[in-house]
Amino acid sequence: MFRTLAIGIFSLLFPVLLSCEKLPEVVVPETPLQEQKENVEGNKDEEKKEEEKKDEENKGDETPKYLEPTSKTLVVYYSFTGNCKSIVTSLTANIEADVLEILPAQEGLDYAANNYAIGSGLISAIREKPNEAASYPAIKTVNRNAADYERIIIVTPLWWSNMAAIMQSYLFQEGSKMKDKTIGLIVSSHSSGISSVVADAKRLVSGGVFHENNLWINASNRDKQADLVKEWIAGFSNNTDSMPEKIKITVSGKSLPVKIELNEATKALVAALKEASITYEANDYGGFEKVGALGRSLPTSDSQMTTQPGDVILYSGNQIVLFYGSNSWSYTRIGKIEYGTLDELKSFLKAGQGKITVSLSL
Ligand SMILES: Cc1cc2nc3c(=O)[nH]c(=O)nc-3n(C[C@H](O)[C@H](O)[C@H](O)COP(=O)(O)O)c2cc1C
């Protein structure tokens, strides 16, 4: 009943909003946010009192209690009307994962009531001051530690073009634990496009390695959800499962690990190394690097950077540069050699001693 009503309202409203070129403005609720909060606070119910009692009991015990992970993948979701919850059911039919549901600290709020007043109020507060913790609605304590996982799949509703406020709270709080993790994003909306939700995810999980394809489920493809999720998760798993964290570099019989990035170049390199190791010759250049032609081209995603000793870089799509010094240029990053001291790295690369033979392997 509620969903039919909500969809009815969105169906009427969104064609008008979407016809505007810029993102729809948040509808500022007639009741100011502060007043709304006071009204809601005035309605404290038994559950709230119960929570306060529990908080009181837990005082002094500030270390969160996390469950032992049972999988390398964490699926984290928030769902107000059940659509994201149903996406999670489709997901877990296809992969092994631990599942974490994010819940607002304050139960029973109707984010859609009064023309979405509370929901839009929460989103405007975050938009105004995205860097302040006070802008984010409180959530219940989570029992999974994102840092324990290799891959995190975020399943979230869209609210007024942005990520639902409750999920933003979770990522604001825990996003820093997702550094270097592979992140997948699934967004459910009625009809609005998800680019601002993707931007929210990247702002809140700035150290994450985002899977290139996000999945968007909306009113017009929801009936195909099971197939779409199955197809998306196959791409996500292929992309990440088959990628090792490190490859090996060998010079004159001595090997060191190279921690690799996740990008199109490393995917192509790893695919080639699965067939056979690659051996090429490299020479000193500029007093800070050993450069050599790989004998094949890899896809580039060049960006301006200042390299550091140990960096393994793709230059011009077909040359590998091994740095024992530093240089600023537009390159594609492959990874970093894990070395001890700078002298050890220089000795490994025979810095300044001319031609070396380099082998890359898995
Ligand atoms: C506060 C609020 C704001 C919403 N804003 C939009 C919107 O701007 N565009 C849209 O297409 N859908 C919007 N929706 C609809 C939800 O994105 C959509 O129904 C989604 O599938 C809900 O997921 P859930 O059932 O897991 O909560 C909004 C829903 C709520 C509650």
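A residue is counted as buried if 20 or more other C-beta atoms lie within 10 Å of its own. In the predicted model described here, F236 has 24 other C-beta atoms within 10 Å and is therefore buried. F236 belongs to helix α8, which covers residues 225–241. Leaving aside neighbours within four places in sequence, the contacts of F236 are with G184 and H211. G184 and F236 are separated by 52 residues in sequence, while their C-alpha atoms are 7.3 Å apart in space.

The protein as a whole was examined next. The protein has 362 residues, of which 31% count as buried. Its secondary structure consists of ten helices and 16 strands. Among contacts in the protein with a separation of 6 or more, 74% are between residues 24 or more positions apart.

The largest nonpolar core holds 55 residues. Within this core, the residues that touch the most other members are V75, V76, I102, I152 and V155. For I102, when residues up to four places away in sequence are not counted, the residues touched are V76, Y77, Y78, I139, I166, M167 and Y170. Another core, of 24 residues, lies apart from the largest one and includes V258, L322, Y331 and A351.

The surroundings of the ligand were also described. The ligand is surrounded by 22 residues. T81, N83, C84, G119 and P157 are the closest of these. At least two residues of the shell are supplied by each of four elements, namely helix α1 (2–19), helix α4 (83–92), helix α5 (113–128) and strand β3 (151–159). Strand β3 gives the largest share, with three residues. By class, the shell around the ligand contains eleven nonpolar residues, eleven polar residues and no charged residues.

Packing between two helices was considered for α6 and α7. Two packed helices are described by the angle between their axes and by the distance between the axes. Helix α6 spans residues 165–174 and helix α7 spans residues 195–204; their axes are 9 Å apart and form an angle of about 25°. Angles under 35 degrees count as roughly parallel, and α6 and α7 are therefore roughly parallel to each other. On the side of α6, the residues that take part in the contact are Q168, L171 and F172, and these meet D200, A201 and L204 of α7. The contact of α6 with α7 is made up of four nonpolar residues, one polar residue and one charged residue.

Backbone angles were noted for two loop residues. W160 has a phi near 45°, which is a positive value in a residue other than glycine. This residue, W160, is placed in the loop between β3 and β4 (162–163). W160 counts as buried because 21 C-beta neighbours lie inside 10 Å. S316 is not a glycine either, and its phi is positive, at about 60°. The loop that holds S316 runs between β13 (311–315) and β14 (319–323).

Technical notes: Residues numbered from 1 in each chain as written. Predicted model: local features only at pLDDT ≥ 70, side-chain atom pairs only at ≥ 80, totals over all residues. Near = placed C-beta within 6 Å. Nonpolar A, V, L, I, M, F, W, Y, C, P; charged D, E, K, R; others polar. Core = buried A, V, L, I, M, F, W, Y, C linked by C-beta atoms within 7 Å. Buried ≥ 20, exposed ≤ 12 C-beta atoms within 10 Å, placed from the backbone. Contact = placed C-beta atoms within 7 Å. Axes fitted to C-alpha atoms, helices over the stretch in contact; angles between N-to-C directions. Parallel < 35°, antiparallel > 145°, perpendicular 65-115°, else oblique.
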